[in-house]
Amino acid sequence: MPLIGRKSPLSLNNKVLLFKQILRPILTYASQIWGLAAKTHLKKVQIMQNKILRIITNAPWYIRNDVIHKDLKLESTENHIQVISRKFFQQITRNNNPTILEQLNYTNNNGKYPFSNATTKWILPLKPP
């Protein structure tokens, strides 16, 4: 019998704890570098989280996913990824290793371009005929 299944004898709090400690880290593995991932790829992770939470709570089909998240006090995967990504990059700046600090030169664009390696704006002006 699965630990977080519909018929599991565990309490809802213990099931959510198992999700937070075991399943969510698997779903969001290396997500600190997903900053430029397409929304469609992030949505797939969110769909998987929604399915797992629906199984944990044994919620019927008509209960909205955001209600389940709110009741369990869980954030969406997008928000969770943003939080752990922010922590990751803040920790990099406090590192003393020169090799790691050199990597900041590639990620810091001072807000000038949307991507760190972008050096040219590819805008073609419209010319009248």
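Predicted model: local features only at pLDDT ≥ 70, side-chain atom pairs only at ≥ 80, totals over all residues.

What covers the buried residues of α2?

1. Overall architecture. The protein chain contains five helices and zero strands, so that its pattern along the sequence reads α-α-α-α-α. Of the 129 residues in the protein chain, 22% are buried. Among contacts between residues at least 6 apart in sequence, 43% join residues at least 24 apart.

2. Cover of α2. The cover over the buried residues of α2 includes α1, α3 and α4. The buried residues themselves are Leu42, Val45, Gln46, Gln49, Asn50, Ile52, Leu53, Arg54 and Ile56.

3. Geometry of α2. Helix α2 covers residues 39-57. Asn58 follows α2 and has a positive phi, near 55 degrees.

4. Packing of α2 against α4. The axes of α2 and of α4 (residues 77-93) come within 9 Å and cross at roughly 110 degrees. Angles of 65 to 115 degrees count as roughly perpendicular, and α2 and α4 are therefore roughly perpendicular to each other.

5. Residues at the α2 and α4 contact. From α2, the contact involves Lys39, Leu42, Val45, Gln46 and Gln49; from α4, Thr77, Glu78 and Ile81. By class, this contact comprises three nonpolar, three polar and two charged residues. Of the α2 residues named here, Leu42, Val45, Gln46 and Gln49 are among those listed as buried.

6. The largest nonpolar core. This core has 12 residues: Ile4, Val16, Phe19, Leu27, Val45, Ile52, Leu53, Ile56, Ala59, Ile68, Leu72 and Leu74. The elements giving two or more residues to the core are α1 (12-27), α2 and α3 (65-72). The greatest contribution is that of α2, with four residues.

7. Val45. Which residues does Val45 touch, not counting those up to four places away in sequence? They are Leu27, Trp34 and Thr77. Leu27 belongs, with Val45, to the largest nonpolar core, whereas Thr77 is one of the α4 residues at the contact with α2.

Technical notes
Residues numbered from 1 in each chain as written. Heavy atoms only, no water. Axes fitted to C-alpha atoms, helices over the stretch in contact; angles between N-to-C directions. Parallel < 35°, antiparallel > 145°, perpendicular 65-115°, else oblique. Contact = heavy atoms within 4.5 Å. Nonpolar A, V, L, I, M, F, W, Y, C, P; charged D, E, K, R; others polar. Core = buried A, V, L, I, M, F, W, Y, C linked by side-chain atoms within 4.5 Å. Buried < 20%, exposed > 50% of the residue type's maximum accessible area, 1.4 Å probe, protein only.
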